[in-house]
Amino acid sequence: MAIADIRTIFDKTAYKYQKMLQIFRPCKPGSEFLEQNLITIFSHEFLNKFGDSACAFSEIPFMGSKNDNKWQARLDGFFIEGDNGYFLEAKGSSSKEKLFQSIDNDLKRIHSIELLESFNIMVDNRRHVLPKKLYGLVIADSWQHKNCNSSVSQ
């Protein structure tokens, strides 16, 4: 998959997310938006783009550390299209004060040996194979409520 395909998926996700927030804010007043909204829209766009050749998974458990066999950490999303696999972490608007530090932490998780070893255990145990190329993606919501009647623009 070309980087242009991922960019298109991100652009469509952002557009639909912004449009969604104009219609309904799915949270209590003053609180964050659930990261799951971003993951769901991204998944929808990914599957629309690639159809039957793609798969989308959410909330995938993995081991928190090499010395700890507890599968308590979670990856927000994992996507497969052909020989390409994409690890996805999402950040909701509650992270806005420390957004860049949160993104940096997510990138470290995506590139951690624990994540890769956990995925290898899952596929070995089930006689599957990971895609040949693995990429890390982070999607973040930094939306702030200003005017519910604003128009959607690109």
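Buried here means under 20% relative accessible area, exposed over 50%, and partly exposed in between, with a 1.4 Å probe and protein chains only. Helices (H or I, at least four residues) and strands (E, at least two) are DSSP runs, numbered from the N terminus.

This is a predicted model: local features need pLDDT of at least 70, side-chain atom pairs count only at pLDDT 80 or more, and totals for chains, interfaces and linings use all residues. Residues are numbered from 1 along each chain as its sequence is written, and side-chain values use heavy atoms, leaving out hydrogens and water.

**Stop 1: strand E3**

Select residues 84-91. This is E3, a mostly covered strand with eight of its eight residues buried. Show the side chains. Asn84, Tyr86, Leu88 and Ala90 point one way, while Gly85, Phe87, Glu89 and Lys91 point the other.

**Stop 2: the neighbours of E3**

E2 and E3 pair in the antiparallel sense over five bridges; strands count as paired if DSSP finds at least two bridges between them. Find Gly77, which stands opposite Leu88 in E3. Now go to the turn. Two residues separate E2 and E3 in this hairpin, and Gly82 in the turn has a positive phi of about 60°.

Next, select residues 133-140, strand E4. E4 runs parallel to E3, and eight bridges join them. Glu89 stands opposite Val138 in E4.

**Stop 3: the cores**

A nonpolar core is a set of buried Ala, Val, Leu, Ile, Met, Phe, Trp, Tyr and Cys residues joined through side-chain atoms within 4.5 Å. The largest one has 17 residues. Select Phe42, Phe46, Phe79, Tyr86, Leu88, Leu137 and Ile139, which have the most contacts inside it. Helix H1 (3-23), helix H2 (35-50), E3 and E4 each give two or more residues to this core. H2 supplies the largest share, six residues.

Apart from this core lies another, of 12 residues, among them Ala73, Phe87, Ile110 and Met122.

**Stop 4: helix H2**

Which residues does Phe42 touch? Leaving aside residues up to four places away in sequence, Phe42 touches Ile9, Phe10, Thr13, Phe79, Leu88, Leu137 and Ile139; contact means heavy atoms within 4.5 Å.

Finish at Gly51. Just after H2, Gly51 takes a positive phi of about 60°.
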